[in-house]
Amino acid sequence: MILSLARTPLLRTVSVSTSRIVPTVITRRCLATTTDAKDTQNLVEKIVQKYALDLPEGYLVKSGDYVTIRPHHVLTHDNTGAVIPKFKSIGATKFNNPRQPVFALDHDVQNKSEKNIEKYRKIEQFGKDHKVDFYPAGRGIGHQIMIEEGYAFPYTLTVASDSHSNMYGGIGALGTPVVRTDAAAIWATGRTWWQIPPVVKVDLQGTLPAGVTGKDVIITLCGLFNKDEVLNTAIEFHGSEETMKAISLEDRLAIANMTTEWGALAGVFPVDDLTIEYLQKRQKRLELEQFEKGNGSASHPRINDQTIQELVNNPIKASPNATYAKRLTLDLSTLSPHISGPNSVKVANTLAALEKEDIAINKAYLVSCVNSRAGDLRQAAAVMKGKKVKEGVEFYIAAASSEVQKEVVESGDWDVLVNAGAKVLPAGCGPCVGLGTGLLKDGEVGISATNRNFKGRMGSPSAKAYLASPAVVAASAIAGKIVGPNGTTQSTAEPKFTIETLNTNKEDDDSSSTEVLPNFPSTIKGELLFCHADNLNTDGIYPGKYTYNDDMTTDDMRKVVMENYDPKFVDIVKNSDVLVGGFNFGTGSSREQAATAIKSRGITIMIAGSFSDIFKRNSINNALLLLESPELVNDLKNNVGTSDLTKRTGWNAEIKVGEGKVIVKQADGSEKVYKVGVLGKSVQELWLDGGLEGWVKQRL
């Protein structure tokens, strides 16, 4: 939570050189004994241990620790264009390790404008100048490339400036998102900071019925546990050998990918025989490609005999007595196909229930990093073989990568989809992120195998978007309404699940105080402006259609902030307002403009019931102050109401920064004091320097 982050020093001012400009590790605990920590480390902690720097001798990391990490790799995509000026502005001239970053152009690949082509050309040239691995538009979605090319490798900690880096957990890597400012710091120093989150153990039991996929598993989990039960945690998936063997590698990638939408920072599967078999199969294909290019028997630099054998010889597993914050169980045998929506991943219904509603569709999509791999396309082709897309329905397909497309072309499944009437898009993100051809228009209904269906993300805010598995999307495209393929096991029965809180230790010291640094305001005042919605996502705050327009100025941002949530917001907000959100504010993508756009309206500080961690990270790095107060948010909901999306409350706040309290005078003159976390020295330092970019620049 932001409270604990504020109480505990996040960063320490240190003397630095160009090789060490990222803050050193600060931990919350005294040095644990080796025996104590060794017996209780979970898989996430063990992977972090490999990549944590500057630890005291014998120190074993645990959830809650702030650590300096050197990620195995860091991916940037189209947003490389925005990271480059950050990199230059902090005074960096060369990469700490050119083998660490990966550039992959994948988001706006349909945009053939001269401006975008020039942007892509500059990114490619920048990568070439610094000898960074680069993948051009059309090669595929960056996350898929990270898997195919072995950058995201089992037991590694690999990050990306994109929220779906969670996907790497499907192959047993710890994949987690960072933000653009972090990416620039990693380029320059090889390092960034991370707080190890609470870890939740998810025990999967039984096996999936016929026709039920990994997409159904994660949709079900998002719908069952939709009250922030796993918000800002890392997920470890466990299960018997029989259970895990029945979950394909592609299904694992899909489940791990959408732990992002579930609210988690990572979702990690174990490395087992299935993982090794996938890597060996991939190795053979890579070696064949090398041979066809005339490179003889040259081995791949990351997926080869040596790296695979190392996994077999030195497995990393959670300790038998590993500690977890919570334990969830889900009986896979009780699942049936599920669908998210409309316009929310928190709402899930059985396919059987939605079929009864006879929901007509206008568009269907089989695209994105979650469900457009070879197995997904084959499932759709099996449903569509010999059939045609319903007249009046547009069905769009895009392979996750050129490698995937080549594979399904060879198998004949691609032609099945095209002959059925599918409209082919280039390998990339496209409509999933609201870019390019085929977006939803006003009043339309779409069903998609993508990972997000936030209002306005895939087109018009007045459209309705549902999420489902590839087979259900294909069947719906044929029928012209939401249905499942023939023979799919369907039920309206509730899945069997349990949830148990295992670690209830809470940080005390609610009455703590801290020194207020010179030039930092000891008191911040303003009227509370209330945007009540829970799970307000970054697409609502800053629409995707602006995200990759690098020419957007601060003045441009201030005109469009909250556009998809409430177009009236820009006419209601005033400078120096204290913006109050609901719970899990800022969920969704890693776009930092969600924070900077709010700042553009003259807002210095925000309060919410809770924040999504990726939004929290962006805010801290960009000098937007955050506090959490569930009590204040609930009071506003009860007394001011939720009839208006944006509401001037008439409640005036006086925030005592060093004392950790907010004094609120209500419209009737009554006062109430709310306890919040203090804004620690480290957060104050970042604010005074204008954010992490300025903080690093000052210390170069």
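This is a predicted model: local features need pLDDT of at least 70, side-chain atom pairs count only at pLDDT 80 or more; totals for chains, interfaces and linings use all residues.
The protein chain has 27 helices and 27 strands, so here is a friendly tour of the overall fold and a few local spots.

**Overall fold**

- The C-alpha trace of the protein chain spans about 70 × 55 × 55 Å along its principal axes.
- The radius of gyration of the protein chain is 24 Å, which agrees with the value near 27 Å that a compact globule of 700 residues would have.
- Of the 700 residues in the protein chain, 62% are buried.
- Take the contacts between residues at least 6 apart in sequence: 77% of them join residues at least 24 apart.

**H338 and its surroundings**

- H338 counts as buried because its relative accessible area is 6%, under the 20% cut-off.
- A polar atom of the H338 side chain lies 2.8 Å from the backbone oxygen of S336.
- Setting aside residues up to four places away in sequence, H338 touches D216, I219, T220, A348, N349, T350, L351, L467, A468 and P495.

**A cis peptide bond**

- The peptide bond from G341 to P342 is cis, and its omega is near 10 degrees.
- P342 sits in the loop between β13 (338-340) and β14 (348-350).
- For context, most peptide bonds are trans.

**Helices α15 and α18**

- Two packed helices are described by the angle between their axes and the distance between the axes.
- For helix α15 (residues 374-384) and helix α18 (residues 470-479), that angle is about 35 degrees and the axes are 8 Å apart.
- The crossing of α15 and α18 is right-handed.
- On the α15 side, the contact is made by D376, Q379, A380, V383 and M384.
- On the α18 side, the contact is made by P470, A471, A474, A475, A477 and I478.
- Sorted by class, the contact of α15 with α18 has nine nonpolar residues, one polar and one charged.

- C369 is placed in the loop between β15 (363-366) and α15.
- Is C369 buried or exposed? C369 counts as buried, because its relative accessibility is 7%.
- C369 and C429 are 60 residues apart in sequence, and their C-alpha atoms are 7.3 Å apart in space.
- Leaving aside neighbours within four places in sequence, C369 is in contact with I141, H143, H164, M167, N257 and N451.

**Helix α3**

- N42 caps the N-terminal end of α3, with a side-chain oxygen 3.3 Å from the backbone nitrogen of V44.
- Which residues of helix α3 (residues 43-51) are buried? They are L43, V44, E45, I47, V48 and Y51.
- An α-helix has 3.6 residues a turn, so residues three or four places apart point the same way.

- N535 is partly exposed, with a relative accessible area of 22%.
- A623 is buried, with a relative accessible area of 7%.

Key
Residues are numbered from 1 along each chain as its sequence is written. Side-chain values use heavy atoms; hydrogens and water are left out. Axes are lines fitted to C-alpha atoms, for helices over the stretch in contact, and angles run from 0 to 180 degrees between N-to-C directions. Helices (H or I, at least four residues) and strands (E, at least two) are DSSP runs, numbered from the N terminus. A crossing is left-handed if the near helix is turned anticlockwise from the far one by less than a right angle, and right-handed if clockwise. Contact means heavy atoms within 4.5 Å. Ala, Val, Leu, Ile, Met, Phe, Trp, Tyr, Cys and Pro count as nonpolar, Asp, Glu, Lys and Arg as charged, and the others, Gly among them, as polar. Buried means under 20% relative accessible area, exposed over 50%, partly exposed in between (1.4 Å probe, protein chains only). A polar contact is a pair of N or O atoms within 3.5 Å; within protein, one must be able to donate a hydrogen and the other to accept it, and residues adjacent in sequence count only if both atoms are side-chain atoms. The radius of gyration is taken over C-alpha atoms; the globule rule is 2.2 Å times the number of residues to the power 0.38.
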